Amino acid sequence: MGRANEGDLRDGLSAAELFVPGEGVAYDDFIVLPGHIDFHFQDVELSTRFTRRVPLRLPFVSSPMDTVTEHAMAIGLACLGGLGVLHYNNSVAEQAEEVRKVKRYENGFITRPVVLGPQQKIKDVDEIKARYGFSGIPITEDGTVHGRVIGIVTNRDIEFEPDRERSLSEVMTRDLVTGKAGITLRQAYDLLRSSKKGKIPIVDEAGRLVSLVSRRDMVKRRDYPDATKDSRGQLRVAAAISTRDEDRERASALVEAGVDVIVVDAAQGDSVYELRMLEWLKATYPQVDVMAGNVVTQAQCARLIDAGADGLRIGMGPGSICTTQGTMAVGRAQATAVFQSARLARARGVPLIADGGVAQIGHIAKALALGASSVMMGYMFAGTEESPGEYFYENGVRLKRYRGMASLEAMARGGEKRYVTKADDRKIKVAQGVAGSVLDKGPLETYVPYLVQGLRQSLQDMGVRSLALLHEQLESGALRLERRSHAAQIEGGVHGLYSYTESQLGMRG
């Protein structure tokens with residue numbers, strides 16, 4: 001008897017067959033059937049795109065929530081290959097400063113370093129350290145960025161000085177190692193290594209400051225080879241704005257601060273307000289990519305793409321702290337929303353981000369398998385050391401606060417900007433989210449590698465070596481899926497035990 005045709009042996013359904021019209025499917029309602037493995041999981045390539053012009057080494061993006069993403073989260077994720085989206089439950093100046101903190105973190109040549117003059121005080125260095133996290137400050141003759149360099153103040157110059165009112169001219173190091181303007185970054189780093197200095201000013205022939213190089217930046221380049229960087233070697237960062245006209249000022253401030261992507265953030269993104277904002281952003285700042293959303297249907301996606309969207313954000317109501325679908329009776333099951341939207345987005349060449357409904361590694365893998373280019377997560381990153389807020393203990397468990405941007409708690413600080421309302425309407429708040437707490441997940445440096453390894457092993461089980469190949473198999477029908485009954489979902493989880501201890505791997509490293 002001859003070998004059966006491989007096509008005759010295929011089990012399950014293609015995605016097009018599984019996602020039938022008129023029926024909403026969640027991530028837990030289906031499973032991906034295994035493929036053939038002929039490679040190690042470490043060989044799985046996770047590179048992708050966030051928007052048309054912004055590549056990522058990892059498909060992980062943090063949500064613009066005020067208990068998830070400020071500069072520490074954005075820096076941590078970008079260093080590891082992902083991207084952070086800064087929330088806007090703050091003033092324009094505060095959000096722009098968050099962008100600057102990310103862009104300053106790793107610069108290569110720092111072309112506009114913080115400088116001080118010789119008459120300024122040690123306490124001025126203390127303020128800079130508190131604000132930016134560093135204390136190696138060039139001292140120029142007139143205190144301007146491109147003045148003649150006469151010294152440098154480092155932590156060792158002032159660490160044990162009790163009088164913080166002393167002038168910098170009294171404590172600064174005058175014996176300087178400098179580099180000549182025009183040297184390459186590699187030459188500058190060689191000079192750092194040979195001189196054993198922490199920072200080296202790069203000066204022109206007249207001794208005027210041109211730029212600065214830092215040993216800390218050199219170490220970061222070595223330790224984070226997959227970092228998400230722009231063409232100047234700075235970490236990339238995205239930031240959210242609302243659809244309201246007054247946020248055009250916010251957008252301008254973000255662009256001036258160096259933001260890489262603006263995320264137009266609306267709970268229901270298919271509105272004339274978002275379309276107008278999109279068109280204005282693309283006409284005013286064509287060099288900056290714009291992520292639009294949130295939407296869940298192909299018609300919505302088409303309108304946003306026609307208005308200039310460089311990326312689409314998919315999801316309405318699936319988040320762990322979101323109650324939109326129950327409160328508003330509007331939304332869509334997330335797996336269906338991602339698959340149907342991705343079909344249109346892929347045909348138009350626009351990356352799509354799956355936003356919401358992710359509570360474990362398997363959900364990340366399923367979102368990507370259905371056509372998402374990356375996954376936006378709030379719950380998964382809440383509770384890490386880099387998320388905003390302080391840890392607290394409850395019943396002996398270490399926790400952090402986590403809240404939906406449509407919770408009454410967040411709306412009191414401005415979270416209602418995501419919703420189409422007038423000023424007079426804001427006196428009455430209809431919550432579409434809750435506030436709660438999540439377990440301590442530890443630092444991103446140990447947590448993200450856990451997510452990466454799990455995701456690579458998932459794609460290995462599917463028999464695909466890359467996200468690009470995964471999407472090819474989705475489109476061709478080679479990727480096979482199967483619906484899971486309620487009993488199958490129970491069977492696929494922990495069951496039949498008297499008691500068990502849930503593994504905390506990835507929560508504390």
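I then searched for disulfides, meaning pairs of cysteine sulfur atoms within 2.5 Å, and the count was zero.

This is a predicted model, in which local features need pLDDT of at least 70 and side-chain atom pairs count only at pLDDT 80 or more, while totals for chains, interfaces and linings use all residues. Residues are numbered from 1 along each chain as its sequence is written, and side-chain values use heavy atoms, without hydrogens and water.

Next I looked up nonpolar cores, sets of buried Ala, Val, Leu, Ile, Met, Phe, Trp, Tyr and Cys residues joined through side-chain atoms within 4.5 Å. The largest has 98 residues, and Phe19, Phe30, Phe60 and Phe381 have the most contacts inside it. Helix H16 (residues 444-462) gives the largest share of this core, eight residues. Helices (H or I, at least four residues) and strands (E, at least two) are DSSP runs numbered from the N terminus. Apart from this core lies another of 14 residues, including Phe50 and Val261.

Last I checked helix H17 (residues 467-476), where Leu467, Leu470, His471, Gln473 and Leu474 are buried. They line one face, because they fall within an arc of 160° seen down the axis, taken from the directions from the helix axis to the C-beta atoms. The face turned away carries exposed Glu472, Glu475 and Ser476. Just after H17, Gly477 takes a positive phi of about 90°.

Methods. Buried < 20%, exposed > 50% of the residue type's maximum accessible area, 1.4 Å probe, protein only.
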